[in-house]
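Colleague: Please show me the model, and then let us go through it in questions and answers.

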Amino acid sequence: MDDLQFGTRNKRGDWAPATALRASPIWPPQPARALSWLIGYLWPWNALFLASALLWWRWLIPDEATRRTLDIGWIGPLLVANMMGIALFYGAIEWRWYHRRAQDRRFKYNGRFPAEQPSDVFWFRSQNLDNALRTLLISVPIGTAIEVALLWGYANGWIAQRDWDSHPGQIAALVALAPVIHEAHFFVIHRAIHWGPLYRWVHAVHHNSVNPSPWSSLSMHPVESLAYFGVAAWVLVMAGHPFLAVWFFHLAGFGAVVGHIGFDKLAFGADGRPLMDTSAYAHYLHHKHFDVNYCDNGVLPLDVWTGSWHDGSPEGEARMQERFRRKRERMNTASS
Ligand SMILES: [Zn+2]
Ligand SMILES: [Zn+2]
C-alpha cells in the first residue's frame, strides 16, 4: 500500500490527497454524479449509524409505559449503553490506528500522532485523555439527557407523533431527512460559536485538538455539547416517531467521528487492503485553518454557498488565503 499513489507528503510528514474534494452535486445540479454520490453518502457511515440506532431501539429503549416516568431503571442502562457504545466505537479506531498504528502514518493528514505532542492546553497534558474524558463525562451524558427528555415527552403525549403502521412513508421520509437537518443545524451552531466571544468561551475547547483523532470528536465545552446534541429537539416540530430522538443521538454521537479520523483511508487487512475512504478531509481542514468548512461535505453545500469552502487543492488554498487577506484588511480599516 503506497499512499503516494494517492497523494503527496510534505517535509513535515503531512499527507494530502492529490484530488480535490468535490462538494455535493445537489446545487448547481450535476445529475451525472448523483448515483455515485448517493452511494457514498449512504455507505458506509450513515448506514452504520442507522443500524446502531435500530439496534438501540430494539434492545435498549423501553416501551411507552415505562418511558412515561423518569426512572433510573431505564435511564441508567441507556446512559451506560451510550457511553459504552461510543467508547467502544471510538476506542476501536483509536486502538487499531493510533495505538497499534496498524498503517503507521500512511494516509495520515498530520504527520504526528497526538500522543507525541503533550500540551498544557489539555487536562493531564494529554490530548487523548482530555478528549476521552470530555467525551464520556460531559458530551455523552448531555446528549443522553436530551434523548431521554424527548423519549419521555413522546411517551406522555407532549410531542406530536405518528404511528409506524399508519404512516410508514412519512416516518421513513423524516428518517431520511434527519442527516440533512443534522448538517444544517451543525453548520448554524458552528458558525455561531466561531464568533469571537463565543469562540473563546466555548468552542476553543474543541479546537485545542489541532491534530484531531477519534477521541476529539465530542471533546467539547458543555455549552457546545448542549447546542450540538440539541439537534434532536427538531423532533418537536416534526410530528414523527420517538425513534427519531434515538436516530438523532446516533447521528450526532457516533457520527461525529467521521471528520476526526485523521486518515484519508483506513486499511483493514494486514496487507493494507481493503481500503476504506473516510470522508474526514473537509473537517480536518477546518481544524487546521479554522475559518473554512463549517459543515462536513454532506448533502447541502453550505460552505460553497457562503464562501467558506476549502476543497484541499492549491487553488482552494489560494482562495482561502485571499479571503483571509481581505478579512484582515477589513479589520485593519475598521480599527484605524
Ligand atoms: Zn472537529
Ligand atoms: Zn470549529
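**Surface, fold and metal site**

Modeller: In this predicted model, the protein exposes about 16300 Å², and carbon and sulfur atoms supply 64% of that area.

Colleague: What radius of gyration does the protein have, and what would a compact globule have?

Modeller: The C-alpha atoms fill a box of roughly 60 × 45 × 45 Å along the principal axes. For 336 residues, a compact globule would have a radius of gyration near 20 Å. The protein agrees with this, at 21 Å.

Colleague: Which residues of the largest nonpolar core touch the most other members?

Modeller: This core has 68 residues. Helices that each supply at least two of its residues include α1 (34-59), α3 (72-99), α7 (222-229) and α8 (243-253). The residues that touch the most other members are L218, Y228, W247 and F248.

Colleague: Which residues donate to the zinc ion (ligand 1)?

Modeller: Along the chain, the donors follow the spacing H-x53-H-x22-H-x3-H. Two of them link distant parts of the chain, 77 residues apart: one lies in helix α6 (residues 196-207) and the other in helix α9 (residues 281-289). Each protein donor is an NE2 atom, lying 2.0 to 2.1 Å from the zinc ion, and the residues are H206, H260, H283 and H287.

Colleague: Why is the arrangement of the four donor atoms around the zinc ion (ligand 1) irregular?

Modeller: Four donors count as tetrahedral if all angles lie between 85 and 135 degrees. Here the arrangement is irregular because the angles subtended by the four donor atoms run from 95 to 151°.

Colleague: Are H206 and H283 buried or exposed?

Modeller: These two residues belong to helices α6 and α9, respectively. Both H206 and H283 are buried.

Definitions and conventions
Residues are numbered from 1 along each chain as its sequence is written. Chains are lettered from A and ligands numbered from 1 in the order in which they are written. This is a predicted model: local features need pLDDT of at least 70, side-chain atom pairs count only at pLDDT 80 or more; totals for chains, interfaces and linings use all residues. Side-chain values use heavy atoms; hydrogens and water are left out. Donors are N, O and S atoms within 2.8 Å of the metal (3.2 Å for Na, K and Ca); water is not among the atoms, so sites may look incomplete. Four donors count as tetrahedral if all angles lie between 85 and 135 degrees; four count as square planar and six as octahedral if opposite donors are over 155 degrees apart and all others between 65 and 115; anything else is irregular. Helices (H or I, at least four residues) and strands (E, at least two) are DSSP runs, numbered from the N terminus. Buried means under 20% relative accessible area, exposed over 50%, partly exposed in between (1.4 Å probe, protein chains only). A nonpolar core is a set of buried Ala, Val, Leu, Ile, Met, Phe, Trp, Tyr and Cys residues joined through side-chain atoms within 4.5 Å. The radius of gyration is taken over C-alpha atoms; the globule rule is 2.2 Å times the number of residues to the power 0.38. Accessible areas come from the Shrake-Rupley method with a 1.4 Å probe; for residues, only the protein chains shown count as cover.
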